[in-house]
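This briefing is meant to be read alongside the sequence and the coordinates.

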Amino acid sequence: MATSAAHFLSLKLAIVAAAGILLIGGKNQALAKQDECGNLSGLGVLVGCQDFIVKEGPKASPNALCCNAVKEIGMPCTCKLVTKQIEELLSMEKLAFVAQFCGRPIAPGTKCGSKI
């Protein structure tokens, strides 16, 4: 259980770091990302669905809170935020499963982390 809590904390820190990198990348670039993706809203899926996308544990159907985040935010903005550090902590297969389950599948050819 302590390992699981450590992984969740690591995932949250990686998500915060990804947001920081995007914002530090230059004011104009950050503003463009915000306009395109609703103020880095893709983080909402990663945080709201973390219980269903972490690498450890079995694949499970996401809850309504997670699906609401997926439906509201969509996957393109979420996929843009998946860095190597985040991908080390979460399962891209589970992320794709969650998106499909919630009715917003990742479009074929979409780069999501290192996966296409």
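What follows is a set of lead sentences and then notes grouped by topic.

The model is a predicted one. Under the sulfur-to-sulfur criterion it holds three disulfides, and under the ring-centre criterion it holds one aromatic pair.

**Disulfides**

- A disulfide is a covalent bond between the sulfur atoms of two cysteines.
- Cys-49 and Cys-66 are joined by a disulfide with their sulfur atoms 1.9 Å apart, and the link is right-handed, with 105 degrees about the S-S bond. Cys-49 and Cys-66 are both buried.
- Cys-67 and Cys-102 form a disulfide with an S to S distance of 2.1 Å, and this link is left-handed, with -75 degrees about the S-S bond. Cys-67 is in helix α5 whereas Cys-102 is in the segment after α8, so the pair ties together parts of the chain that lie 35 residues apart in sequence. Cys-67 and Cys-102 are each buried.
- Cys-79 and Cys-112 form a disulfide, also with an S to S distance of 2.1 Å, and the link between them is left-handed, with -80 degrees about the S-S bond. Here too distant parts of the chain are linked, with Cys-79 in helix α6 (residues 75-80) and Cys-112 in the segment after α8, 33 residues apart. Both cysteines of the Cys-79 and Cys-112 pair are buried.

**Helix α5 and its two sides**

- Cys-66, Cys-67, Ala-69 and Val-70 are the buried residues of α5. Viewed down the axis of α5, these buried residues fall within an arc of 155 degrees, so they line one face of the helix.
- The face of α5 that is turned away from the buried side carries Ala-64, Leu-65 and Glu-72, which are exposed.
- At the start of α5, a side-chain oxygen of Asn-63 comes to within 3.3 Å of the backbone nitrogen of Leu-65, and just after α5, Gly-74 adopts a positive phi of about 80 degrees.

- Just after α8, Gly-103 adopts a positive phi of about 85 degrees.

**The aromatic pair in α8**

- Phe-97 and Phe-101 make up a tilted aromatic pair, at 6.1 Å centre to centre and with 40 degrees between the planes. The two residues both lie in helix α8, where they are four residues apart, about one turn of the helix.
- Phe-97 counts as partly exposed because its relative accessibility is 27%, and Phe-101 is likewise partly exposed, with a relative accessible area of 44%.

- Lys-94, a residue of helix α8, counts as buried because its relative accessible area is 7%, which falls under the 20% cut-off.
- Leaving aside residues up to four places away in sequence, Lys-94 touches Phe-52, Ile-53, Val-54, Lys-55, Glu-56, Gly-57, Pro-58 and Lys-59.
- Within this set of contacts, the backbone oxygen of Gly-57 lies 2.7 Å from a polar atom of the Lys-94 side chain, and the C-alpha atoms of Lys-94 and Lys-59, which are 35 residues apart along the chain, are separated by 6.4 Å.

**Leu-89 in α7**

- Leu-89 is found in helix α7, residues 84-89, and counts as buried because its relative accessible area is 18%.
- The C-alpha atoms of Leu-89 and Lys-55 are separated by 6.2 Å, although the two residues are 34 residues apart along the chain. Lys-55 is also among the residues that Lys-94 touches.

Notes:
Residues are numbered from 1 along each chain as its sequence is written. This is a predicted model: local features need pLDDT of at least 70, side-chain atom pairs count only at pLDDT 80 or more; totals for chains, interfaces and linings use all residues. Side-chain values use heavy atoms; hydrogens and water are left out. Buried means under 20% relative accessible area, exposed over 50%, partly exposed in between (1.4 Å probe, protein chains only). Rings of Phe, Tyr and Trp (its six-membered ring) pair if their centres lie within 6.5 Å; planes under 30 degrees apart count as stacked, over 60 as edge-to-face and the rest as tilted. A disulfide is a pair of cysteine sulfur atoms within 2.5 Å. Contact means heavy atoms within 4.5 Å. A polar contact is a pair of N or O atoms within 3.5 Å; within protein, one must be able to donate a hydrogen and the other to accept it, and residues adjacent in sequence count only if both atoms are side-chain atoms. The arc is that of the directions from the helix axis to the C-beta atoms.
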